[in-house]
Amino acid sequence: MSSSDNKLNISTLARDSVKAIVPYASARSSMSGGAVWLNANENALAPEYQLSGSYNRYPECQPPALIAAYASYAGVDTSQVLVSRGADEGIELLIRSFCEPKTSGQAGDSILICPPTYGMYAISAESNQVSRTIVPLLPDFTLNLPAMFEAATPKLVFICSPNNPTGDLIPRQQILQVLDFYRDKALVVVDEAYIEFAPDASVLNLLSDYPNLVVLRTLSKAFALAGLRCGFTLAAPEIINALKKMIAPYPLAAPVAEIATQALSKAGQVRMKQSVVVINQLRDQFIAFAKTQTAVKQVYPSSANYVLLQVADAADCVAKIAAQGILIRNQSSQIGLSQVVRVSIGSPSEMALVTTALSQYFSNSTQTIGAN
């Protein structure tokens, strides 16, 4: 027998379910290069922070100063806050904590998602061998409540508002109906990653009335700290305690906690709100521009820091704009969407560049269509 016959085939060790997973294609992994990045919904108006101290000791699992800072910012009790490596880890912890995976003899639990929406809900469920019940949004991007309520009862219902990638808000009355229907059946997880751009739409004030409500937040968007990977889960203490049993012993690096606490200071909150005003103004200006372009088939309303456009050929649009050093994102693979590109709102200078590039592209597109 040759030595090669004894060589371990690593691929045979992986779980079959893992082999079948198509990983989430993040904006950074799917596109590179360029000088203007408007494909990942980041905040280009970034403040700078200073670090101090030494880092030879392990950090606390849930840093008290950071937990207190976010609880104060959100208006909740510290017992209702869990900090994690981005809201993505919050999604993962919820699924691992509350959903039994499928086994050879058991169907296991399920989550309910309403696409088009954030892709990590489905990926996290799949990687944990948890089934997904899919109830697409209605054409107006509101929840299809009858279909949701007729579906097999899930353990977790995920609602993203403002929704990514569409930018719209899920009506508050619909969220209330979902919370009421699942009050004694399932947890309703409202992902508010972009809520600072539409703060009046938050459902956080419903926590005291609905013990089955979970709210996800992040510092990645309005706080301009995507590189920090710091997110928060807000829920009843019983839910938070369950998540603490599943979270890693040292989820946040000490420098991350230090910077996040600075960002949540009074001065940090003021800076964040000032950037939100600028970004919302730039977004509305971009929407007004897009509506003047005859080659744009539809401009979707947005309450976040990005705008979705329906164009004739999304792949061509993204490629042609990328050739000018500007990255935007093709979201056409999402259920319920066709030939759409998502443009993140950048700095004033970046928006001037992308507006010029798109104006030229749409002008050429119109001329091509007219020639045909």
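**Aromatic pairs and ring contacts**

The count here comes to 13 aromatic pairs, taking rings of Phe, Tyr and Trp (its six-membered ring) as paired if their centres lie within 6.5 Å, with planes under 30 degrees apart called stacked, over 60 edge-to-face and the rest tilted. This is a predicted model, where local features need pLDDT of at least 70 and side-chain atom pairs count only at pLDDT 80 or more, while totals for chains, interfaces and linings use all residues. Residues are numbered from 1 along each chain as its sequence is written, and side-chain values use heavy atoms, with hydrogens and water left out.

Take Y58 and Y250. Their ring centres are 4.4 Å apart and their planes at 10 degrees, so this pair is stacked. Y58 is in the loop between strand 1 (36–37) and helix 3 (64–74), and Y250 is in the loop between helix 8 (237–244) and helix 9 (254–263), so the pair ties together parts 192 residues apart in sequence. Helices (H or I, at least four residues) and strands (E, at least two) are DSSP runs, numbered from the N terminus. Y58 counts as exposed at 66% relative accessibility, and Y250 as partly exposed at 42%. Buried is under 20% relative accessible area, exposed over 50%, partly exposed in between (1.4 Å probe, protein chains only).

Next, F286 and F289. Their centres are 5.7 Å apart and the planes at 45 degrees, so that pair is tilted. Both lie in helix 10 (residues 266–291), three residues apart, about one turn of the helix. F286 is buried at 3% relative accessibility, and F289 is buried at 14%.

Y70, Y73, F223 and F232 form one aromatic cluster.
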